[in-house]
Amino acid sequence: MSVPEPSAPVLQTSAVSIRFGGVQALADVDLRADRWEIVGIIGPNGAGKTTLFNCITGFYEATSGRVHFKGEDVTDLPVHERAARGMGRTFQNVGLVKGSTVGENLKSAQHLQVRYGPLGALFGSTKASEIEAQAEERARHILDLVDLGHLWGTRVAGLPYGIQKRLEIAAVLATDPELLLLDEPGSGLGPEEADELGDFLVDIRERFQLTIVLIDHHVPLVTRISDYMYCLNLGEVLCEGQPEDVRNHPDVVRAYLGLSPEEVA
Amino acid sequence: MTAVDPTTRLDVLEPVAHPVDDDRRGPSALGWVPRAAVWAFLAWAVLLYPGNIASPFQVAAFDANRMSEAVIFAIIGLSLNVLIGYAGQVSLGHQAFVGIGAFTSAYVVTDLTQEVVLGVLVAALVGAVQSVLLGLVSLRLTGLYFALVTLVYGVMAQQSIFAIEAFTGGTAGKAAARPTGFESDHRYYYFALMFLVGVLALDWRLLRTKGGRAILALRENPRVAQTWGIDTKAYTLFAFAVAGLFAGIGGGLLAHRDLQVVANPFDFNLALVFVLMTTVGGLRNRTGVVLGSMFFAFLRNGYLVEKLRLAGPLELIDLSPEFAPLVIGPILLLVVLTRLPGGFGQLARPWQEWLAGRRFRWVPAEEEVTINDVRA
Amino acid sequence: MLAVTGTDLLQSLVIGVVNGAVYALIALGLVLVYRSSGIFNFAQAEFGTVAVYGAYFSFTYWGFPYVVAALFGVVCGIAAALATERFVIRPLSQGPKVTLLVATAGIALLSIGVAFWRTGDNALRFFDPLTQWEGARIAGVQVSGQRLLTLLLLLVAVALLTAFFRSPYGLAVLAASQDADASALVGLDVNRISMLVWGIAGTLGAFAGILLQGGNAFTPGAITSLALIPGFTAAVIGGLTSLPGAVLGGMVIGMLESFGRLSTFDVVPGASSVSVFVVLLLVLMIRPEGLLGGRTAT
């Protein structure tokens, strides 16, 4: 792993573009997230927000443009190697192994922290069992952090959606990321719960020293906790800047179907 | 890596106390009496009865041989369970995996005059290697296409690889002696049983460690697995290696049980029986797979039908014991697929709970989580 | 074999096409089912075996007239396909595709088991060929009437299926394969469409079986062991979704076998199964969408 320049932003995309057949899904997107920042991305449906996440994490190969993570060019790395460098993400439709238990998920998510060879572990070594015990302890702690400690042995598939969403963030935290890419963590939440989520995100940012990039439709939530905000529309950055400025920007208001700024709030 | 584990930023977290689950408390002393009795019976049936030790029954050599076969089938079932159950890859060519193990072990023992244990271990290794080679193909294909490739591979192996004179001795087959000290049919059962115990232990370790968790995660949701840092290709191959390892052991043991390996039995029907016994046993359920595999092993050639004295009733519908498995097996499969997704394992589950000191209760089958459209 | 002459090559070509016709019929059934429901049907060739046994029993034991017996066999094959759809495929239609695959393999095994149950182990059966017509000499190869009939039937099947998929009902089948839920919403009876597709697949399998086995001795699972793998490989070569591709694939496999017998490659044990395996791998690795297929395999 190359040594990152101390001054480099945690995440930087430069002119990232992607085409699907004839559709230009992203056009020259420049995005930057500095250390410990919370960066919000808003935009109407189909604006290319999730597509951008997929380019950043490596699920999609950008047609052109580069992605830098901690100063290193990761554009050509596969997903799991980007994860190994400290990129964590959540999914719109809950990224968990739903057939397994809550505890198993949190242990599986620590794949990178569990540092022993899979083959050696088969034949059992004391080192492996020590690391396993540590992983389990950490998993339980993270679960307690999101108040789900009592669900350790429960199968994920049967849990309510809201709980699954919380669990998903816990699982990503278990990967020990430096950058957290959250894809609609607030979907399905009411205004009050969204508020709680906001506090929670600010809290984990400090506790784990995270940089967070956040996509969400709860514009007030994103505005409140973000240090910087982008609005995407039709695959392009419509505008960027201080959250309040972006939110009240006439172009942004127009993009949200011509609603007045008050209605967007 | 020397240090056990570097501290991560996650270690800033504080533990929280949780109340103890009520169901975790065991039964009363009296409740343990029937459980202990069943445990004792099971131990006797597995450990003593087949060897005519402390047993009022006389197990004939032929029957002991069938029991060895059941034990070996359990190993093969566990191998297929790793592929189908854990990794989600259907192998319709598993007879080739097993057959290559059988001929390898026979070759090492007969041509290279080595110990049987070494032969079986080499068979395991060769099985793992050929399995990984086939696994490389799977990385480029979806599940259905891969199943087809394994089907063609299996038939090809039977007609081509197993027809190489130097390796397999042609149609006459290759001799495969029993290990020293385990020459009798009764003793060989214990030889096979040791390997089954080893395979069970490995399988148990697998699911409790990094590699197994990675395989389970990538089967159900490869995208999420990748974001957790799991190299999905590498761990798919790891699953193939483990499955090949088990299949090789099963093949080697089968060879020395039969004393002579011939290519003929390793045909497509056998591959189907392997898939059948694993599925009917219950995918991802260790006990179920072992029970299912043993059941199908005993069913072969009508052995179980004769033992249970069912030949008479079957005669009424004109079904000879010899062909009974060919009819009963697929029907069981279709019933399990459509009505009892957990297979034998699901039926055994309440008993397992009870034996472990909990209440006897029916545990409904866990529905398979299918990810049809992983929107990322 | 010392030298291969032009006549040899020509003869191999004819034999390849003639044998390939049966594989093509099986492949057509596989393509049809895959296209409409995304299922690999490992029981496809077994529908042919069912037809052969149906024809044999009704002719030999029940004294049906020959033609009626043959048709009865075809009906048996269709019935087997419909029963498979109704009692196995439909209840499992929401499950994982891998489960369905195992289920169709189970159907095949059940059919083989029932044949053993009813007829015993080594009892070779024999059913007269469909036609006593001695056929014609093509490029120095005597091609029997039975074989010519197979080719003719293949052409008819392709023509009928092509016409079918241009008809409103055929378009409904295609729509249902794209999105079953949406099709149900707009009033298409997805179950009936599925029955229809499996019925056609059963018909193709049944005819393939009767044409392949008429005049030869057979044992349980005969058509599966003879034609399932070549049929599947043919379908994959053709792209699994293309009807002309299936026919082309059948011919390629037929010729691969006949040319394989010509060459010195013959000294390798199991040469023809090795070549089928290699061709399958090559197609899947290099051109997974097949020669004439539209969509990719991965």
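## Briefing: chain A and helix α11 of chain C

At 1.5 Å a residue, the 16 residues of helix α11 (residues 271-286) of chain C should span 22 Å, and its end C-alpha atoms do lie 22 Å apart, which agrees. The expected span here is 1.5 Å times one less than the number of residues. Helices (H or I, at least four residues) and strands (E, at least two) are DSSP runs, numbered from the N terminus.

This is a predicted model: local features need pLDDT of at least 70 and side-chain atom pairs count only at pLDDT 80 or more, while totals for chains, interfaces and linings use all residues. Residues are numbered from 1 along each chain as its sequence is written, and chains are lettered from A and ligands numbered from 1 in the order in which they are written.

**Helix α11 of chain C**
- Buried residues (20 or more other C-beta atoms within 10 Å of their own, with C-beta atoms placed from the backbone) in α11(C) include Phe277(C), Leu280(C), Val283(C) and Leu284(C).
- Among the elements covering the buried residues of α11(C) are α5 (143-159) of chain B and α9 (222-238) of chain C.

**Chain A**
- Chain A has eleven helices and ten strands.
- Its radius of gyration, taken over C-alpha atoms, is 19 Å, close to the 18 Å that the globule rule (2.2 Å times the number of residues to the power 0.38) gives for 265 residues, so chain A is as compact as a globular protein of that length.
- Buried residues make up 46% of the 265 residues in chain A.

**Between chains**
- Chains A and C do not touch, their nearest C-alpha atoms being 14 Å apart.

Terms used
A residue is buried if 20 or more other C-beta atoms lie within 10 Å of its own, exposed if 12 or fewer, and partly exposed in between; C-beta atoms are placed from the backbone. Two residues are in contact if their C-beta atoms, placed from the backbone, lie within 7 Å.
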